[in-house]
Amino acid sequence: MTHGTSAGEWQRREGNNTRGSNTGTAAACPRWKAEGFKKKYLWLFTWAVTAIAQWAEKRKCPPERDEKPFRVTLPSGWVFGLLWLASSYFMLKKALDITSLRGNAAGPDGLTFYETFQSPDWNESQIRELKQQIRKGRYWPGGVRAVPIRMGEKVRILHVPNLIDRVVERAIVLTVNPILEFAFHRWSFGFRSGVSTAHALAELFRLCTSSKRFVVGKMDMLDAFDRIPHERLMDVVS
């Protein structure tokens, strides 16, 4: 949710992304086409991200350490937190749906998407098993595989996790994204939902024409991910 964007707008944006991702997954993964993304799980996913967005919108910024954590209580009396939502079946199923569109590269275990999720040993009960592993603290990521990519005279190293880990990571992103969006500047366009380089270029063009001066836009940062101080990052995330 960007600055000035209501929870309803964020919900509509997620709905558009959902429709597009379902179509792509059906084409890429025939096995999932027959099973589909059941309507009740799609409804629960939409409800979850909307509830988180509304909670964050009331604060207008990410929560502080001493604030009351996110909680949603249903009429049935069940109380849901962020960890519960991130590890829920419908959130993991949605994450799997999106992950299927993001490439088939194998992680350190050597298994591609099709080998992981279309093998005879795979079935949806394993999503529920993954859910229990996360909630009971038994899930642990399997590391990453370093893949060198040559870009002209330079070599860029990509770090590829296992497919299961990518599904879990995506579920976490879907859960915390409505909260963290408030921390971004309105001119920050990188790796954010609903914006792209086209929006950045449009903003630069607007500044040039309105202020009658040259504007310099920084389009990328050299080795940004390799230079992130992980200890400080984990402290912020905690």
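A crossing is right-handed if the near helix is turned clockwise from the far one by less than a right angle, and left-handed if anticlockwise. Helices here are DSSP runs of H or I, at least four residues, numbered from the N terminus.

This is a predicted model, with local features needing pLDDT of at least 70, side-chain atom pairs counting only at pLDDT 80 or more, and totals for chains, interfaces and linings using all residues. Residues are numbered from 1 along each chain as its sequence is written, and side-chain values use heavy atoms, leaving out hydrogens and water.

The crossing of H5 and H8 is right-handed. H5 covers residues 89–99 and H8 residues 163–180; their axes lie 8 Å apart, at an angle of about 115°. Axes are lines fitted to C-alpha atoms over the stretch in contact, and angles run from 0 to 180 degrees between N-to-C directions. H5 is therefore roughly perpendicular to H8, a term for 65 to 115 degrees. Their contact, meaning heavy atoms within 4.5 Å, includes Met91 and Leu92 of H5 and Leu163 and Arg166 of H8.

H5 also passes H7 in a right-handed crossing. The axes of H5 and H7, residues 125–135, come within 10 Å and cross at roughly 115°. Among the residues making this contact are Tyr89 of H5 and Ile127 of H7.

Lastly, where is histidine 199? Histidine 199 sits in helix H9, residues 197–211. Its relative accessibility is 39%, so histidine 199 counts as partly exposed, the class between buried (under 20%) and exposed (over 50%), with a 1.4 Å probe and protein chains only. Leaving aside residues up to four places away in sequence, histidine 199 touches Phe189 and Gly194.

Terms used:
Helices (H or I, at least four residues) and strands (E, at least two) are DSSP runs, numbered from the N terminus. Angles under 35 degrees count as roughly parallel, over 145 as roughly antiparallel, 65 to 115 as roughly perpendicular and the rest as oblique.
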